[in-house]
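Open the model in your viewer and keep the selection panel at hand. The stops below go through ring pairs, a disulfide and charges over rings.

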Amino acid sequence: QVQLVESGGGLVQAGGSLRLSCAASGRTFSTYILAWFRQAPGKEREIVARINWSSGFTYYADSVKGRFTISRDNARNTVWLQMNSLKPEDTAVYYCAARTMIVNTYAYWGQGTQVTVSS
């Protein structure tokens, strides 16, 4: 059973930084894509960034490009989201998610971690 456990959220002032981590277990993730989503109050969940576990190929939403960096540590089975130059509009619950490279649906989700950016 795949388990994803996020940590690292919190309260930060605008312009600050946070690093989220997602500890993944239960599978060998070499054929998986790991992603970070977020959901702000009253808004739909949106993808923030994703990474192909084996190739390291990444994708970013336009709203975070140049400010956020997704990376993975194969030895620790961990995915990181480094968030710099945070804005109040980045406030949301951030979720780690995983899917196989074959099925275009994220089947596995973490419990979420709150990120709040004050102005």
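Select Phe29, Tyr32, Trp53 and Tyr108: ring pairs link these residues into a cluster. Rings of Phe, Tyr and Trp (its six-membered ring) pair if their centres lie within 6.5 Å; planes under 30 degrees apart are stacked, over 60 edge-to-face, the rest tilted. The model is predicted, so local features need pLDDT of at least 70 and side-chain atom pairs count only at pLDDT 80 or more, while totals for chains, interfaces and linings use all residues. Residues are numbered from 1 along each chain as its sequence is written, and side-chain values use heavy atoms, leaving out hydrogens and water.

A search of the whole structure finds seven aromatic pairs. One of them, Phe29 with Tyr32, is edge-to-face, at 5.3 Å centre to centre and 70 degrees between the planes. Phe29 is buried at 2% relative accessibility (buried means under 20% relative accessible area, exposed over 50%, partly exposed in between, with a 1.4 Å probe and protein chains only). Tyr32 is also buried, at 5%.

Next, select Phe37 and Tyr106. Their ring centres are 5.0 Å apart with planes at 80 degrees, so this pair is edge-to-face.

Move to Cys22 and Cys96, joined by a disulfide with S to S 2.1 Å (a disulfide is a pair of cysteine sulfur atoms within 2.5 Å). The S-S torsion is about -75 degrees, so the disulfide is left-handed. Both Cys22 and Cys96 are buried.

Finish with Arg19, whose charged end sits over the ring of Trp80, 3.9 Å from its centre (NZ of Lys or CZ of Arg within 6 Å of the ring centre and within 35 degrees of the ring normal).
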